[in-house]
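The sequence and the model are shown first, and the description follows.

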Amino acid sequence: DLNEEYSSKTLNMYRDKTNRGVKKIVWCPDEPTHFTTAHCGEQTYYHYLIGEPNTINLWDMEFPKAPIRSLDAHSQAQCMEYNPKDPNSLITGMITGQTCLYDIRANKKFPSIVSRRENSHKDRVNAVTFYCSKSNMEFFSGCSAGEIIWWDLRNLEKPIDTLLLYPIALEDGIAKTEQRAFGVLALEYESTIPNKCKFGTLPNT
């Protein structure tokens, strides 16, 4: 038998200038060597105003010394995703429970649209994913409180619909409350299976 040995090595390191950890990495759809990183510290939903800056970094993998561009927001990003039909649209989920849209073409540092706080999540947004609609402008967001919100980028002031994950409450005949909801950690939508979305939940919920 021939045993083939494999090896790996670090080629580059891309350093944020703060002590924040990397929360999410996504590749830019129209630039094969570009990727985007979201950074978040140890703050909780209730202490998000304390400490680190709120930048999102855009990198070229061939130039690791500094990001080619930085975006800013009112709070730290927990998750993000590019619109698969419009690579210049980047949505992010924030530690405040809000979602926002960056238009990369506009060359502006701050988001062009931010959801209203009173109509957003009651806890940090852990996941966002686009839904393959006719407009290519709709997406879902999920949070630790068990909320799934269905959004349209053309109007982030008010969501299309909201779902509270409470399978146990339904099975046991218990009242539908957030205390019984399944916290959301991951969302995934597959365009070849329309009208269905998968949720990954927090442990012990």
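Thr 129 is found in strand S9. The model in which this residue is described is a predicted one. Is Thr 129 buried or exposed? With a relative accessible area of 3%, Thr 129 is buried, because the limit for that class is under 20%. Leaving aside neighbours within four places in sequence, Thr 129 is in contact with Glu 81, Phe 139, Phe 140, Leu 187, Glu 188, Tyr 189 and Cys 197.

**A second residue of strand S9**

Asn 126 also has its place in strand S9. Its relative accessible area is 15%, so Asn 126 counts as buried under the 20% limit. The side chains of Asn 126 and Ser 144 are joined by a polar contact of 2.7 Å. Beyond its neighbours within four places in sequence, Asn 126 is in contact with Gln 78, Cys 79, Gly 142, Cys 143, Ser 144, Val 184 and Leu 185.

**A residue before strand S1**

Lys 17 lies in the segment before strand S1 (21–27). Lys 17 counts as exposed, because its relative accessibility of 83% is over the 50% limit. The C-alpha atoms of Lys 17 and Pro 53 are separated by 10.0 Å, while the two residues are 36 residues apart along the chain.

| Residue | Relative accessible area | Class |
|---|---|---|
| Thr 129 | 3% | buried |
| Asn 126 | 15% | buried |
| Lys 17 | 83% | exposed |

**The sheet that holds strand S9**

Which strands make up the open sheet, and in what order? The sheet has 4 strands in the order S9-S10-S11-S12, and their pairing is antiparallel. Strand S9 (125–131) and strand S12 (161–164) are the edge strands, each of which pairs on one side only. On average, neighbouring strands of this sheet are turned by 20° against each other, direction ignored. In general, strands of a sheet pair through backbone hydrogen bonds, either parallel or antiparallel. Strand S9 and strand S10 (residues 138–143) run antiparallel and are joined by 6 bridges. Tyr 131 stands opposite Glu 138 in S10.

**The nonpolar cores**

The largest nonpolar core has 15 residues, and those with the most contacts inside it are Ile 56, Leu 71, Met 80, Tyr 82, Leu 90, Tyr 102 and Ile 104. At least two residues of this core come from each of strand S3 (56–60), strand S5 (77–83), strand S6 (86–94) and strand S7 (99–103). The strand that gives the most to this core is S5, with 3 residues. Not counting residues up to four places away in sequence, Met 80 touches Lys 24, Val 26, Thr 36, Thr 37, Ala 38, Ile 56, Leu 90, Ile 91, Thr 92 and Val 128. A second, separate core has 11 residues, including Ile 91, Val 128, Phe 139 and Leu 153.

**The protein as a whole**

The secondary structure comes to 1 helix and 14 strands. The protein has 205 residues, of which 44% count as buried. Among contacts with a separation of 6 or more, 44% are accounted for by residues 24 or more positions apart. The accessible surface comes to about 12,400 Å², and 50% of this surface belongs to carbon and sulfur atoms.

How values were computed: Residues numbered from 1 in each chain as written. Predicted model: local features only at pLDDT ≥ 70, side-chain atom pairs only at ≥ 80, totals over all residues. Heavy atoms only, no water. Pairing = 2+ DSSP bridges. Axes fitted to C-alpha atoms, helices over the stretch in contact; angles between N-to-C directions. Buried < 20%, exposed > 50% of the residue type's maximum accessible area, 1.4 Å probe, protein only. Polar contact = N/O pair within 3.5 Å; in protein donor to acceptor, adjacent residues only side chain to side chain. Contact = heavy atoms within 4.5 Å. Core = buried A, V, L, I, M, F, W, Y, C linked by side-chain atoms within 4.5 Å. Areas by Shrake-Rupley, 256 points an atom, 1.4 Å probe, with all protein chains shown as cover.
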